[in-house]
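Take a slow walk through this protein.

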Amino acid sequence: MEKPQPNRRLPGVLRRGCSQGDDSVSVVFPGLVTRESCSLFTCELIKHILHQRHQLPLPYEQLLVFAKRQQGSDEPVLRRPKVEDTVSRQCQQTLSNVEKLVSQLETLFSISSVPRVLLLMGGSPMNPRELYEINLEDVQLGNGEQSLRTRPCLRQIFRSLFFADPFSELRSTSLMALVVMVQAHRDCGTDWFLPKLHFKVPNRRRILTVRLSCSEQQSLPASAEDYIWFQAPVTLKGFQN
């Protein structure tokens with residue numbers, strides 16, 4: 001008779017906070033990662049959260065295909081239904097702002113470590129309706145030869161989110177503006193993100209924290225005084241069909 005197998009811990013087990021809606025998903029990479037990988041992880045998570053919280057009617061990559069078809073259509077704009085034309089403009093504007101944010105995040109990650117990223121949805125930055133955090137404080141950086149490949153790590157993140165399923169219990173929501181805050185070195189020299197020296201992370205409305213870390217030995221952390229919050233100057237506004 002076979003012995004029963006011990007229960008295996010699935011990746012990305014959802015950890016409940018003290019109050020409902022305060023959840024954490026942890027992902028531990030089996031090695032070092034690059035800054036470029038961290039930038040991609042962050043950007044893909046932003047796109048994913050936008051779709052999961054019903055701010056985008058389709059996954060981001062599908063929206064890109066939709067937008068290209070609209071641009072390539074031979075149908076005159078004047079003959080299109082007014083509602084369809086409005087949705088098309090909203091889609092183009094949203095995609096443009098997301099692409100701008102992605103480009104600037106890539107630049108920021110290349111010039112500074114970014115320990116934390118906050119997505120503040122609805123309300124105001126000081127009192128958002130929902131707060132999502134991408135925490136990279138325990139990520140260990142390496143060069144290309146030392147580091148893990150990006151795509152397997154990205155699959156690990158989304159596999160963990162799939163098993164944890166943190167969005168299933170959240171209610172559908174109306175369209176909300178999304179403000180992105182990033183923590184970076186005060187002397188990083190960014191000329192796009194706006195420094196917010198007096199910003200304090202809201203204590204309430206936290207919905208989900210995605211914690212990324214590496215199994216490699218921890219290095220000495222940089223002084224917290226060296227890092228400040230910066231705000232993206234574009235506000236992401238979703239749309240619906």
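A salt bridge is a side-chain nitrogen of Lys or Arg within 4 Å of a carboxyl oxygen of Asp or Glu. By this rule the count comes to 4 salt bridges. Before you look at them, note that this is a predicted model, where local features need pLDDT of at least 70, side-chain atom pairs count only at pLDDT 80 or more, and totals for chains, interfaces and linings use all residues. Residues are numbered from 1 along each chain as its sequence is written, and side-chain values use heavy atoms, with hydrogens and water left out.

Next, the overall plan. The protein has 4 helices and 9 strands. Helices (H or I, at least four residues) and strands (E, at least two) are DSSP runs, numbered from the N terminus. Read from that end, the elements run β-β-α-α-α-β-β-α-β-β-β-β-β. Of the 241 residues, 45% count as buried. Buried means under 20% relative accessible area, exposed means over 50%, and partly exposed is in between (1.4 Å probe, protein chains only).

Now return to the salt bridges. Which residue meets the side chain of Glu-44 in a salt bridge? The partner is Lys-47, at 3.3 Å, N to O. Both lie in helix α1, 3 residues apart, about one turn of the helix. Glu-44 is buried, at 18% relative accessible area. Lys-47 is buried too, at 10%. Lys-47 also meets Glu-61 in a salt bridge, at 3.9 Å, N to O. Glu-61 lies in helix α2 and Lys-47 in helix α1, so this pair ties together parts that are 14 residues apart in sequence. Glu-61 is partly exposed, with a relative accessible area of 45%.

Another bridge joins the side chains of Arg-116 and Glu-133, at 2.8 Å, N to O. This pair links distant parts of the chain: Arg-116 sits in strand β3 (residues 116–121) and Glu-133 in strand β4, 17 residues apart. Arg-116 is buried, at 16% relative accessible area. Glu-133 is buried as well, at 4%. Shared partners join Glu-44, Lys-47 and Glu-61 into one network of salt bridges.

Turn to the rings. Rings of Phe, Tyr and Trp (its six-membered ring) pair if their centres lie within 6.5 Å; planes under 30 degrees apart count as stacked, over 60 as edge-to-face and the rest as tilted. The whole structure holds 5 aromatic pairs. One of them is Trp-192 with Phe-193, an edge-to-face pair with 4.9 Å centre to centre and 85 degrees between the planes. Trp-192 is buried, at 16% relative accessible area. Phe-193 is buried at 2%.

Look at helix α4 next. Cys-153 is in this helix. Is Cys-153 buried or exposed? Cys-153 is buried, with a relative accessible area of 3%. Val-33 is 120 residues away from Cys-153 in sequence, yet the two are 8.7 Å apart in space, C-alpha to C-alpha.

Finally, two loops. His-54 is found in the loop between α1 (35–52) and α2 (60–71). His-54 has a positive phi of about 65 degrees, although it is not a glycine. At 34% relative accessibility, His-54 is partly exposed. Asp-165 lies in the loop between α4 and β5 (177–185). Asp-165 is not a glycine either, and its phi is positive, near 50 degrees. Asp-165 is partly exposed, at 41% relative accessible area.
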